[in-house]
Amino acid sequence: PVAGQQCSRDDPVEHLSRQFGEAVHALGTAQNGSVLVRLFGNIETGTWTIIMSQAAPPSHCVIGAGEGFDVVRTARELKPKGTSASYVRP
C-alpha cells in the first residue's frame with residue numbers, strides 16, 4: 001500500500017453500492033493474477049472509486065476517488081449493428 005491509502009481486509013463492493021450507488025465498470029488483473037484493479041462508478045451522480053485488491057494477504061485499497069465519472073463508448077459500440085463498414089454515412 002502507498003502511504004495515505006485506505007486499506008481493509010473487507011471487500012468494499014457492498015459499501016460502494018450502498019453508500020454511493022457505484023458499480024464495477026472496468027477491471028484488470030496483473031499478469032500473474034495476484035492483483036485486481038476495479039473501477040467503480042455511478043453514472044447518475046458522477047462519483048467514482050478505484051480499488052486495488054490482492055489475494056494474499058487479503059487486502060483492498062482505495063487508490064483514487066472523485067467526481068466527474070462518465071462512460072466512454074468505443075468505436076465498436078457506436079457502429080450500427082448489421083454493418084461491416086467502420087463508418088456508415090447517414
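Biologist: In β5, which residue is the bridge partner of Ile50?

Modeller: Gly64 is the partner of Ile50 in β5. This is a predicted model, where local features need pLDDT of at least 70 and side-chain atom pairs count only at pLDDT 80 or more, while totals for chains, interfaces and linings use all residues. Residues are numbered from 1 along each chain as its sequence is written, and side-chain values use heavy atoms, leaving out hydrogens and water.

Biologist: What makes β4 and β5 a pair?

Modeller: Two strands pair if DSSP finds at least two bridges between them. Strand β4 (residues 48-54) has 7 bridges to β5, so the two meet that rule. They run antiparallel. A hairpin of 4 residues joins β4 to β5. Strands here are DSSP runs of E, at least two residues; helices are runs of H or I, at least four; both are numbered from the N terminus.

Biologist: How many bridges join β1 to β5?

Modeller: 3 bridges join β1 (residues 6-8) to β5 (residues 59-66), again antiparallel. Ser8 faces His60 in β5.

Biologist: Why is the contact of Arg38 with Asp11 called a salt bridge?

Modeller: The rule asks for a side-chain nitrogen of Lys or Arg within 4 Å of a carboxyl oxygen of Asp or Glu. The closest N and O atoms of Arg38 and Asp11 are 3.1 Å apart, so the pair qualifies. Arg38 lies in β3 (residues 35-41) and Asp11 in the loop between β1 and α1 (13-20), 27 residues apart.

Biologist: Why does Arg38 count as buried?

Modeller: Buried means under 20% relative accessible area, exposed over 50%, partly exposed in between (1.4 Å probe, protein chains only). Arg38 has 7%, so it is buried. Asp11 has 39%, so it is partly exposed.
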